[in-house]
Amino acid sequence: MSNLVQRLEITAHPQLEKSLGYRGDSRWVAWGWEPDIDQIISSDGKTVGTGNNMAWLVFLQHDVVQPAVREYNFGEGDRYWLLLDRETRILYAGEEKAVQNLLEQPESLALLACLDGGQSSLPNPETWQQTLSKLTAKKAFRNLTNAIPFGIAAALIGALGVGTGLWVVPAVQQKLAEKTTFISPISSTANCGIGGSDDFSSYVGSSKGNKELHLIGVYEANAAHGNGKRAKSTIEVKVERRNKPIILALSAYEPINWNLNVEPGAVIEKIIVNGYHNQTVSGVSGVPIEEHSYEETGEHMGNFIYKWNATPESGENDSLVTKLEQINRTSLTSFQGCYRGTNFSIK
């Protein structure tokens, strides 16, 4: 065991990280609570993203988990983070800085796994099934299935926990009701619009600081640009978000007119357009617009991404995103895009 992190006396269910919203492929991943935005944050040393608050609180309130993690105050404070070795399913607790430093040093994590023996102690399937059978006979379980749709209850039971039964206790429900959680800017019904390419891609980061940075990226708005003719097409963008002032970045390879519909109360601090061909913005006035299109200005900010790459080490997102973050001195709050897009919204 390391002095930097403490090994917990519990092991993680095979679907724990998926339930908490992590979709990466790194061996190590950690979670910590961010009180400023009332949001669970995940980090694997390469990417940082938001997680599932409901799943996080249910996990912490589990009757096996709670005694093992009580002293770390994972559900409210940001001092300690939970660290998972996805190969051995071993869980650790450590101070945020120590955990982040470890995630950035793979050789240190490899040594930690070696010192801890690298052996998983997952419960066997028979024990799991027996425990689950006992759970479903309990009154608390029946109350849960009456309170929420059965499909959701089944998903929670199958995906959460540490190898034993699970139910939502009243304390968790009360805590969720009292908290105002971070609201994702990506609509659950988001798509690429009529005539779109139906390959919607998105990423949600954090909302720290006093402003948010949102990026929308496409390759084109329609396919009507053959024989050397590139007629400008329009993409509709609805901005409803009122959390903080927004820096809106719009990127496309083909010529686009970005028509904005800004709802009352939403504040756009600046608009940045990136393109190979000419990009224009309509629907707003009095908002500074920076154009970086090769056809008009002789330069562009970076690549014309329209799909978020799940493996950032490839560098496919880095060119544009890194420049936007550096210039505006803030992390990316959200990305959404597709190859052929016609309308988007920032909720």
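The legends below walk through several close-up views of this predicted model.

A few notes first: residues are numbered from 1 along each chain as its sequence is written. Because the model is predicted, local features need a pLDDT of at least 70, side-chain atom pairs count only at pLDDT 80 or more, and totals for chains, interfaces and linings use all residues, while side-chain values use heavy atoms, leaving out hydrogens and water.

**View 1. Confidence along the chain.**
Let us start with pLDDT, the predictor's confidence in each residue on a scale from 0 to 100. The chain averages 76, and 73% of the residues score at least 70. Helices and strands here are DSSP runs, numbered from the N terminus: helices are H or I runs of at least four residues, and strands are E runs of at least two. Helix α8 (residues 150–159) has the lowest confidence, with a mean of 43, whereas β10 has the highest, at 95. Over residues 138–180 the pLDDT stays under 50, and the model has 72 contacts beyond four places in sequence for this stretch; a contact means heavy atoms within 4.5 Å. The pLDDT is also below 50 over residues 310–315, a stretch with 5 contacts in the model beyond near neighbours in sequence.

Have a look at β2, where 7 of the 7 residues are buried, so the strand is largely enclosed by the rest of the structure. Buried means under 20% relative accessible area, exposed means over 50%, and partly exposed lies in between (1.4 Å probe, protein chains only). Trp28, Ala30, Gly32 and Glu34 point one way from β2, while Val29, Trp31 and Trp33 point the other way. In a regular strand the side chains alternate between the two faces of the sheet. Two strands pair if DSSP finds at least two bridges between them. β2 pairs with β5 in the antiparallel sense over 4 bridges, and Val29 stands opposite Leu84 in β5.

Asn52 caps the N-terminal end of the helix, placing a side-chain oxygen 3.0 Å from the backbone nitrogen of Met54. A nonpolar core is a set of buried Ala, Val, Leu, Ile, Met, Phe, Trp, Tyr and Cys residues joined through side-chain atoms within 4.5 Å. The largest such core has 25 residues, and those with the most contacts inside it are Leu8, Trp31, Trp56, Phe74, Leu82 and Leu91. At least two residues of this core come from each of β1 (5–11), β2 (28–34), α2 (53–60), α3 (65–69), β5 (80–85) and β6 (90–95). With 5 residues, α2 gives the most to this core. Leaving aside neighbours within four places in sequence, Trp56 is in contact with residues including Leu20, Trp31, Ile40, Phe74 and Leu82. A second, separate core has 23 residues, including Ala221, Leu260, Val273 and Val281.

In the loop between α2 and α3 you will find His62, which is buried at 3% relative accessible area. A polar atom of the His62 side chain lies 2.9 Å from the backbone nitrogen of Val64.

**View 2. Aromatic pairs.**
The structure holds 14 aromatic pairs. Rings of Phe, Tyr and Trp (its six-membered ring) pair if their centres lie within 6.5 Å; planes under 30 degrees apart count as stacked, over 60 as edge-to-face and the rest as tilted. Tyr72 and Phe74 are stacked, because their ring centres are 5.6 Å apart and their planes at 25°. Tyr72 is buried at 10% relative accessibility, and Phe74 is buried at 2%. Tyr253 and Phe304 form an edge-to-face pair, with centres 5.7 Å apart and planes at 80°. This pair links distant parts of the chain, 51 residues apart: Tyr253 is in the loop between β10 (246–252) and β11 (256–262), and Phe304 is in the loop between α10 (294–297) and α11 (318–328). Phe304 is buried, with a relative accessible area of 17%. One aromatic cluster includes Tyr219, Tyr253, Tyr276 and Phe304.

**View 3. Two loop residues with positive phi.**
Asn73 has a positive phi of about 55° although it is not a glycine. Asn73 sits in the loop between α3 and β5 and is partly exposed at 39% relative accessibility. Arg329, also not a glycine, has a positive phi of about 55°. Arg329 lies in the loop between α11 and β15 (332–340) and is exposed, with a relative accessible area of 77%.

Conventions. A polar contact is a pair of N or O atoms within 3.5 Å; within protein, one must be able to donate a hydrogen and the other to accept it, and residues adjacent in sequence count only if both atoms are side-chain atoms.
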